[in-house]
Amino acid sequence: MITDLPFESVYRHGFARVAACTIPVAVADPATNADAVLSAARECDADGVAVAVFPELCLSGYAIDDLVMQDPLLDAVETALERLVAASADLLPVLLVGAPLRHGNRLFNCAVVVHRGRVLGVAPKSYLPTYREFYEHRWYARGDDQAGGEIRVAGETVPFGPDLLFAATDVPGLTVHAEVCEDVWVPIPPSSSAALAGATVLANLSGSPITIGRADDRSILSQSQSMRCLAAYVYAAAGQGESTNDVSWDGQTMIYEGGRLLATTERFPDGPRRSVADVDLDRLRQDRLRQGTFDDNRRTVDPHFRTVTFELAPPAADLGLRRALDRFPFVPDDPARLAQDCYEAFNIQVSGLVQRLQAIGSPKPVLGVSGGLDSTHALLVIARAMDRMGRPRSDILAYTLPGFATSAKTKGNAIALAEAVGATIEEIDIRPAASEMLSRMGHPFAAGEPVHDVTFENVQAGLRTDYLFRLANMKGGIVIGTGDLSEIALGWSTYGVGDQMSHYSVNPGVPKTLIQHVIRWVISAGELSDATVDVLQDVLDTEISPELVPAGQDGRMQSTEDRIGPYNLHDFSLYHVMRYGFRPSKIAFLAAHAWGDPDAGSWPAGYPEGERPSYDLDTVAKWLEVFLQRFFGFAQFKRSAIPNGPKVSPAGSLSPRGDWRAPSDGNARAWIAELHAAVPGAFDRA
């Protein structure tokens with residue numbers, strides 16, 4: 001993190017802006033091609049780009065055949081390079097430019113790395129295709145044996161070889177490696193070893209003529225290399241202007257990060273094009289830190305690379321954020337991907353429950369239904385499990401347990417839904433038992449005082465779970481827990497004999513923001529009656545509430561989100577803490593960008609159009625502090641004792657037997673201090 005940059009700068013928060021550029025090429029005309037490179041480089045400079053990648057042999061043209069052996073052409077390439085180097089003195093980006101260069105007795109197909117008026121180094125192409133339409137070995141030498149070398153270029157002697165890394169001294173984690181076209185098509189690309197040696201941005205300067213299906217092949221290679229290497233892969237292919245004697249060109253550009261496509265451009269462009277994206281260097285570092293086998297592979301391969309350093313001097317201006325951000329990181333915006341995730345989430349829950357029930361003698365599932373999201377979803381999971389086991393749904397023993405604040409609406413929905421799915425439903429009013437307990441304790445509520453403190457709430461929550469356990473004893477059942485991942489993260493449950501406990505839980509891997517979409521997915525399957533769908537829709541439309549405190553004088557029921565904050569923001573924070581371990585300041589920066597404008601970006605399919613909130617930075621910081629205090633400073637003792645339940649999200653689970661292990665007596669001081677230091681104004685205004 002670069003703390004001397006303003007909060008608004010992407011470079012402060014572990015990002016580096018990269019570009020994959022394709023330009024119109026003039027065949028065998030290095031001077032004209034240098035003009036095109038410089039024009040694109042200046043645009044990248046204005047855009048705050050740190051690394052700009054150009055196509056293979058773009059200074060000469062890739063498809064010039066034997067012309068590349070002509071001294072006038074090679075002299076012109078060197079002159080163009082000298083001009084390019086001189087003109088780069090005032091430009092921000094590191095430029096990776098393709099050029100044929102003479103060295104020793106041979107000619108090499110090179111990536112020349114230029115920055116701030118000097119050549120940082122030259123990486124020759126290691127693997128030369130000589131199959132089908134390719135004849136590269138006719139002209140060029142393989143560069144795979146040039147490690148440790150030097151070359152004279154643009155009046156300087158600079159490092160030469162495939163063993164070069166280019167590391168920014170003032171942007172932590174920005175380390176660049178260059179390979180050329182065919183290098184990524186071999187079983188063990190040079191970039192694999194480079195990544196193990198520390199490269200985070202892998203650049204491919206490509207010629208690659210186009211045939212049917214080849215664009216998909218390039219995408220698959222770039223995606224898989226970025227995923228396998230836990231890196232960004234920046235790919236720029238030759239396009240307009242290349243000779244079409246016997247092949248054609250499409251100018252494909254793309255940027256992948258850890259298997260995710262960040263940016264691409266249309267193919268067969270008319271004029272220059274570039275893909276631009278902000279690569280998350282923190283994410284790549286965290287992934288490598290967490291996936292220990294990545295570095296174990298380094299120990300086996302033992303890569304040897306030279307590192308050339310440079311100072312980027314990143315801009316302090318607010319450049320925006322050039323990458324798609326999910327408001328709901330647990331919920332994909334793409335409808336097909338969302339449907340697939342819902343299918344997998346639901347079936348993970350169902351199959352886990354089926355296995356547990358069969359393993360312990362197929363007891364009857366016992367469930368408390370409240371008419372809220374979590375118990376509704378749990379009931380749907382249990383019903384499907386009964387179907388899969390060939391058991392009658394009447395084996396589901398559902399109970400509604402109204403207390404002092406239970407509304408007629410939620411109780412009615414609970415009963416209607418249980419009846420609709422064919423469960424056995426009973427009502428047990430806990431108010432007499434709760435009143436007796438409060439009276440025995442000497443609680444003021446028993447004397448008629450309107451005291452609705454945590455004891456008042458937990459007496460009710462505890463009695464509900466106590467009843468369920470004893471009913472399971474009596475009827476040969478197993479208590480199915482309903483608490484979701486978001487509640488577990490925040491510690492929003494009653495510990496012990498309360499809703500924190502069950503015999504087995506089906507929802508602990510599903511966050512609150514995803515559960516509603518899984519319910520919508522169940523509705524969309526078309527297997528439910530109209531009456532059932534109506535009840536489910538009413539549940540989706542009901543404000544989230546524990547219903548433990550009676551309505552106030554205004555008639556408004558107790559609201560969970562009024563007390564602990566919006567689950568939209570808490571799930572956003574949870575994902576980035578659990579999956580990447582990001583700093584609070586970075587999470588605040590991302591959340592402010594993701595949630596600042598309700599009209600920007602995409603929303604998940606089915607999300608109500610009239611209920612699309614926005615949150616400014618002050619609001620984000622306020623609730624992030626609440627999240628940090630609850631997650632790190634309070635809730636772990638509950639997580640350390642949660643029941644079994646299936647992991648669902650690839651972001652992780654919070655089971656102490658799964659993804660998350662933490663001390664119950666920890667604190668949130670370091671996280672909160674970092675947040676306050678980064679956005680002090682938000683707390684001054686609070």
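**A guided tour of the fold**

Reply: Gladly! Of the protein's 686 residues, 57% count as buried. Please keep in mind that this is a predicted model.

Me: Which share of the contacts between residues at least 6 apart joins residues at least 24 apart in sequence?
Reply: This one is about how the chain meets itself. Contacts between residues at least 6 apart in sequence are the ones considered, and the part of them that joins residues at least 24 apart is 75%.

Me: What part of the accessible surface belongs to carbon and sulfur atoms?
Reply: The total comes before the share here. The accessible surface of the protein is about 26,900 Å². Carbon and sulfur atoms account for 49%.

Me: How do the residues of the contact of H8 with H14 divide into nonpolar, polar and charged?
Reply: Helix H8 (residues 373–389) packs against helix H14 (residues 530–541) at an angle of about 145 degrees, and their axes are 9 Å apart. From H8 come Leu 373, Thr 376 and Leu 380, which meet Leu 536, Val 539 and Leu 540 of H14. The division for this contact is 5 nonpolar, 1 polar and no charged.

Me: How many salt bridges does a search of the whole structure find?
Reply: A few of them form a linked group. Arg 17, Glu 43, Asp 47, Arg 274, Asp 278 and Arg 322 are joined in a network of salt bridges. For the whole structure, the search finds 40.

Me: How many residues apart in sequence are the parts that Glu 78 and Arg 102 tie together?
Reply: Glu 78 and Arg 102 form a salt bridge whose closest N and O atoms are 3.2 Å apart. Glu 78 belongs to helix H2 (residues 71–87) and Arg 102 to strand S3 (residues 94–103), so the pair ties together parts that are apart in sequence by 24 residues.

Me: Are Asp 280 and Lys 586 buried or exposed?
Reply: The side chains of Asp 280 and Lys 586 meet in a salt bridge at 2.4 Å, N to O. Asp 280 lies in strand S14 (residues 273–280) and Lys 586 in helix H17 (residues 584–595), so this pair ties together parts 306 residues apart in sequence. As for cover, both Asp 280 and Lys 586 are buried.

Me: In which helix do Asp 341 and Arg 337 lie?
Reply: Asp 341 and Arg 337 form a salt bridge, with 2.7 Å between the closest N and O atoms. Asp 341 is partly exposed at 21% relative accessible area, and Arg 337 is partly exposed at 41%. The two are 4 residues apart, about one turn of the helix, and both lie in H7.

Me: Why does Arg 464 count as buried?
Reply: Arg 464 has its place in helix H11 (residues 454–475). Beyond its neighbours within four places in sequence, its contacts include Leu 401, Pro 402, Ile 430 and Glu 547. Buried means under 20% relative accessible area. Arg 464 counts as buried because its relative accessibility is 17%.

Me: What is the relative accessibility of Gly 565?
Reply: Gly 565 is in the loop between helix H15 (560–564) and helix H16 (567–580). Setting aside neighbours within four places in sequence, Gly 565 is in contact with Thr 560, His 570 and Trp 623. Gly 565 counts as buried, and its relative accessibility is 0%.

Me: Where is Leu 262 placed?
Reply: Leu 262 is buried, with a relative accessible area of 15%. Not counting residues up to four places away in sequence, Leu 262 touches several residues, including Ile 255, Tyr 256, Val 279 and Arg 323. Its place is in strand S13.

Definitions and conventions: Residues are numbered from 1 along each chain as its sequence is written. This is a predicted model: local features need pLDDT of at least 70, side-chain atom pairs count only at pLDDT 80 or more; totals for chains, interfaces and linings use all residues. Side-chain values use heavy atoms; hydrogens and water are left out. Axes are lines fitted to C-alpha atoms, for helices over the stretch in contact, and angles run from 0 to 180 degrees between N-to-C directions. Contact means heavy atoms within 4.5 Å. Ala, Val, Leu, Ile, Met, Phe, Trp, Tyr, Cys and Pro count as nonpolar, Asp, Glu, Lys and Arg as charged, and the others, Gly among them, as polar. Buried means under 20% relative accessible area, exposed over 50%, partly exposed in between (1.4 Å probe, protein chains only). A salt bridge is a side-chain nitrogen of Lys or Arg within 4 Å of a carboxyl oxygen of Asp or Glu. Accessible areas come from the Shrake-Rupley method with a 1.4 Å probe; for residues, only the protein chains shown count as cover.
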